[in-house]
Amino acid sequence: MYLASDNSGPVHPQVMAKLAEANQGYQMAYGADTMMNEVRDRIRSIFEAPGAAVYLVATGTAANSLALATLSNPWETIFCSPVAHIHEDECNAPEFYTGAKLTLVPGGDKMSPDALRGSILGEETRGVHGPQRGPVSITQVTERGSVYSLEELQALCGVAKEYRLPVHLDGARFTNALVALNCSPADMTWKAGVDAVSFGGTKNGLMGVEAVVFFDESKAWEFELRRKRGAHLFSKHRYLSAQMAAYLEDDLWLKLARQANANCAQLADGLRAIGAEFLHEPQANMIFAAFSRAKHKQLHEAGAIYHLWGDELEGGDDDENLSCRLVCDWSIGTAEIDQFLSLL
């Protein structure tokens, strides 16, 4: 009953097999391996963007930070949600790599076009003394498990374009959002107005690799320099390429995300049946729910592993509702979900 994080699950066997295949013989280093050429072509095809610049890094933090650094200047500010991953969970890495600051757009889990416009208008008001307007960064799936609709993405990108600002999409759970919306990668990115995307794989069955895709290929060389200068250019790059190649082969990336979302839907249905309170409506593979302290204790004693959200297990009234975060990956079985629900 491991529901703590989709970072904690196993690597898919097809990925391990591809790594073993890549380990045979010799390949050129630093991204010049033959498999990377296949990966680049495949990602361009998936995104319907033949001229896109495609790169691989090992972590989501590197993908987001280096992409934003390429889209911004040190004297600018980056607009994001108060609960965006780049704000809450990356130890100021975006600020470190960009030299820019973050401006938190007022609101909750999702940014609204009106709030974004207000925050943009609040900058560039002090001439040389204040920060200049920089990129807009959108987290999809959000940190609270919500999914921006295509219309919402288009509206946010539309506001950014009014002020000639680039848009970055943090897609650590990109494919979970994609299958939830049942749309194409192009629809959720450049067709909506996104300029660069972090196309995540680590949370969806890979060992550790994320793609950075720029739809404006003029950014390619700068990103290459920043990746090297930031110590994120792998010499034995073929092991990144192999993971992504396996991920894209036979639509494994889509199958794994569909399974993770289906697991989450099963869990959400069971939680609804016992009257659990949802903090946010589950839309992908992550649930924020509340139920009694007594039930949390029972689950923990039975071996369930997940995170409470802002509450402590011990102390207080057993009837008090405590919030938690539950995350499903592709690998958790129906039996484990049924066991969790039966305890509830």
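Strand E2 (76-80), strand E3 (101-104), strand E4 (132-139) and helix H7 (150-162) are among the elements that cover the buried residues of helix H6. The model is a predicted one.

Helix H6 itself spans residues 113-121. Its buried residues are Ala115, Leu116, Ser119 and Ile120. Viewed down the axis of H6, these buried residues fall within an arc of 135 degrees, so they line one face of the helix. An α-helix has 3.6 residues a turn, so residues three or four places apart point the same way.

Helix H7, part of the cover over H6, also holds Glu151. Is Glu151 buried or exposed? Its relative accessibility is 54%. The cut-off for exposed is over 50%, so Glu151 counts as exposed. In sequence, Glu151 lies 37 residues from Met188. In space, the C-alpha atoms of Glu151 and Met188 are 9.7 Å apart.

Now turn to another pair of helices. Helix H3 covers residues 60-71, and helix H9 covers residues 220-229. Their axes come within 9 Å and cross at roughly 135 degrees. An angle over 145 degrees would count as roughly antiparallel, and one of 65 to 115 as roughly perpendicular. H3 and H9 are therefore oblique to each other. Their crossing is right-handed.

Which residues meet where H3 and H9 touch? H3 brings Leu66, Ala67, Ala69 and Thr70. H9 brings Glu222, Phe223, Arg226 and Arg227. By class, this contact has 4 nonpolar, 1 polar and 3 charged residues.

Technical notes:
Residues are numbered from 1 along each chain as its sequence is written. This is a predicted model: local features need pLDDT of at least 70, side-chain atom pairs count only at pLDDT 80 or more; totals for chains, interfaces and linings use all residues. Side-chain values use heavy atoms; hydrogens and water are left out. Buried means under 20% relative accessible area, exposed over 50%, partly exposed in between (1.4 Å probe, protein chains only). Helices (H or I, at least four residues) and strands (E, at least two) are DSSP runs, numbered from the N terminus. The arc is that of the directions from the helix axis to the C-beta atoms. Contact means heavy atoms within 4.5 Å. Axes are lines fitted to C-alpha atoms, for helices over the stretch in contact, and angles run from 0 to 180 degrees between N-to-C directions. Angles under 35 degrees count as roughly parallel, over 145 as roughly antiparallel, 65 to 115 as roughly perpendicular and the rest as oblique. A crossing is left-handed if the near helix is turned anticlockwise from the far one by less than a right angle, and right-handed if clockwise. Ala, Val, Leu, Ile, Met, Phe, Trp, Tyr, Cys and Pro count as nonpolar, Asp, Glu, Lys and Arg as charged, and the others, Gly among them, as polar.
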